[in-house]
Amino acid sequence: MRRLFPVPVPAPAETPAETPTGTPVETSAAMPAATPAGISAGTRAEDREWTLGELADAYAYPEPPLGPSGAWLRANMVSSLDGAAHHDGRSKPLSSDADMRIFGVLRGLADAVVVGAETVRREGYRPARAREAFAERRAALGQPPAPAIAVVSASLELDFARPLFTEPLVPTIVITGAAAAEERIEAARAAGAEVVFAGAGPSGRVDAAAIVTALAGLGHTRLLTEGGPTLLAEFAAAGVLDELCLAVAPLVTAGDAKRIMNGPVLAEPERFTLASVLEEAGFLFTRYRRIYQ
């Protein structure tokens with residue numbers, strides 16, 4: 001993996017680092033202080049495998065969360081070169097080993113992972129697991145060993161016998177609106193899920209902005225959404241998407257697959273700024289942060 005942006009700055013030639021045998025080796029200067037969530041000064045620009053700790057530093061959340069909602073909502077999505085968010089109904093065919101490493105790191109940093117019910121069903125979601133690589137970091141921030149999975153569903157037509165509800169390390173959260181049937185609410189609670197209401201309108205729809213507010217009220221301020229495209233578009237339209245981590249796969253699919261956002265049109269396009277770009281095997285791992293006016 002290589003860091004393409006911000007551009008690495010080589011150390012001055014007259015002050016090379018030395019190995020224990022006295023042989024000069026190439027070094028990289030630290031990223032400028034203004035660069036958010038930068039990697040460590042010792043991270044080199046050459047193509048090599050990054051440690052999980054280096055990736056965690058590179059993708060660290062702002063402290064404290066800086067979004068207007070009081071939380072920081074980050075999205076993680078993958079897209080083909082021609083804009084497809086999935087192939088044959090699933091995102092995995094567009095992924096790679098490096099993409100899955102970053103996927104795991106982003107989960108390892110989050111308080112809660114927010115995902116739509118259709119994505120849960122299509123991708124066969126299971127509970128997030130605790131990983132030793134992030135244990136010390138999470139404990140220092142007062143986080144539980146693993147993030148909670150928060151499933152957004154207006155109808156609560158979910159299979160509560162699935163491991164996502166029966167085997168979580170941290171209780172799964174279901175986020176619903178005012179129209180959810182009482183028997184489905186009770187079924188969710190009986191399965192051990194925490195039911196959260198976000199949206200009281202007569203339509204029964206779940207309100208995207210209210211999702212972030214409700215989760216922040218539970219202490220979940222470092223939020224990660226993995227979509228799907230409809231939910232992500234609703235977050236963007238509600239003005240609560242703070243960051244987009246987009247992996248661009250060196251693949252084309254054609255067909256009529258959805259884009260990474262597929263929902264309401266924003267009145268005005270929302271501007272984001274490029275925070276970082278990593279590359280491995282032709283995959284580009286970009287990170288964009290919203291510009292607040």
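This report walks through a predicted model, from the whole chain down to a few residues.

## How to read the model

Residues are numbered from 1 along each chain as its sequence is written, and side-chain values use heavy atoms, with hydrogens and water left out. Because the model is predicted, local features need pLDDT of at least 70 and side-chain atom pairs count only at pLDDT 80 or more, while totals for chains, interfaces and linings use all residues.

## The whole chain

Let us start with the overall picture. The chain has 8 helices and 12 strands; these are DSSP runs numbered from the N terminus, with helices being H or I of at least four residues and strands E of at least two. Of its 293 residues, 46% are buried, a word that stands for under 20% relative accessible area, with exposed for over 50% and partly exposed in between (1.4 Å probe, protein chains only).

Among contacts (heavy atoms within 4.5 Å) between residues at least 6 apart in sequence, 67% join residues at least 24 apart. The chain exposes about 14,000 Å², and carbon and sulfur atoms supply 56% of this area. Such areas come from the Shrake-Rupley method with a 1.4 Å probe, and for residues, only the protein chains shown count as cover.

## Two nonpolar cores

A nonpolar core is a set of buried Ala, Val, Leu, Ile, Met, Phe, Trp, Tyr and Cys residues joined through side-chain atoms within 4.5 Å. The largest one has 44 residues, and Tyr 59, Val 151, Val 174 and Phe 285 have the most contacts inside it. Helix 2 (residues 97-109) gives this core its largest share, 5 residues. A second, separate core holds 31 residues, including Met 77, Val 170, Leu 223 and Phe 235.

Arg 222 sits in strand 9 (residues 222-225). It counts as buried because its relative accessibility is 10%. Its side chain makes a polar contact with the side chain of Glu 63 at 3.0 Å; a polar contact is a pair of N or O atoms within 3.5 Å, where, within protein, one must be able to donate a hydrogen and the other to accept it, and residues adjacent in sequence count only if both atoms are side-chain atoms.

Pro 65 belongs to the loop between helix 1 (52-58) and strand 4 (72-79). With a relative accessible area of 18%, Pro 65 is buried. Pro 65 and Arg 222 are 157 residues apart in sequence, yet 7.1 Å apart in space, C-alpha to C-alpha. Leaving aside residues up to four places away in sequence, Pro 65 touches Gly 70, Ala 71, Trp 72 and Thr 221, while Trp 72 is also among the residues that Arg 222 touches.
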